[in-house]
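Look over the model before reading on.

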Amino acid sequence: MEQIRNAEEKDIPEVLALLEQVNKIHHDGRPDIFNLATKYSHDELKNIFQDKNTPVFVYENDGKILGYAFCIMTEHKGERLLADMKTLYIDDICVDEKARGQHVGKKLYEKVLSHARAEHCHNVTLNVWALNEPARKFYEKLGMKIQKIGMEQIL
């Protein structure tokens, strides 16, 4: 049986394994920037999973975690330059490489949108590395548009 639910402490080992898959994509594409390591430790994940401002959703099928979506709630209020708004930022989406093409990522994204609407967010945002063209195309297919572009000059 499949379900998308909030991540729990018991999910940490499987989430760490998925974080390794994401890291490998980034390390292989830009070893000058990314070390081979996971983005979060076990203890950091435990804290993230407990914080209502950092919701993490997992896609589970038959007791196995096949994907996740890490999010961060941000809010601009009373600032001179930016309009008042609440944003749900997608920090990371990963689908197990063995489950890709099964619409797991799309279902996770739809869950994120549903959560953002329930929280009265103005928008959902994310960053995608230029090295990860399949991810960029995936997000565009879901209806996301480029909001801003980061640039660099390597010295």
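**Surface patch**

Patches are built from residues with over 30% relative accessible area and no salt bridge; like charges are joined within 9 Å, nonpolar side chains (Val, Leu, Ile, Met, Phe, Trp, Tyr) within 5 Å. Accessible areas come from the Shrake-Rupley method with a 1.4 Å probe, and for residues only the protein chains shown count as cover. Ile146, Ile149 and Met151 make a nonpolar surface patch of about 430 Å². Isoleucine 146 is exposed, at 61% relative accessible area (exposed is over 50%, buried under 20%, partly exposed in between; 1.4 Å probe, protein chains only). Isoleucine 146 lies in the segment after α4 (133–141).

The model is predicted: local features need pLDDT of at least 70, side-chain atom pairs count only at pLDDT 80 or more, and totals for chains, interfaces and linings use all residues. Residues are numbered from 1 along each chain as its sequence is written, and side-chain values use heavy atoms, with hydrogens and water left out.

**Strands β4 and β5**

Helices (H or I, at least four residues) and strands (E, at least two) are DSSP runs, numbered from the N terminus. Strand β4 (residues 85–95) runs parallel to β5, joined by 4 bridges; strands pair if DSSP finds at least two bridges between them. Leucine 88 has valine 124 in β5 as its bridge partner. With helix α3 (residues 104–118), β4 and β5 make a right-handed β-α-β unit. Right-handed means that, with the strands pointing away from the viewer, the path from the first strand over the helix to the second runs clockwise.

In β5 (residues 123–126), Asn123 and Thr125 point one way, Val124 and Leu126 the other. All are buried.

**Cysteines**

There are 0 disulfides (a disulfide is a pair of cysteine sulfur atoms within 2.5 Å). Cysteine 94 is buried at 3% relative accessibility. Its sulfur is 14 Å from the closest cysteine sulfur, in cysteine 71, too far for a bond. Cysteine 121 is also buried, at 17%. The closest cysteine sulfur to that of cysteine 121 is again in cysteine 71, at 9.4 Å, too far for a bond.

**Salt bridges**

A salt bridge is a side-chain nitrogen of Lys or Arg within 4 Å of a carboxyl oxygen of Asp or Glu. The count is 16. Lysine 39 and aspartate 91 form one, 2.9 Å from N to O. This pair links distant parts of the chain, 52 residues apart: lysine 39 is in the loop between α1 (12–29) and α2 (42–50), aspartate 91 in strand β4. Lysine 39 is partly exposed at 45%, whereas aspartate 91 is buried at 17%.
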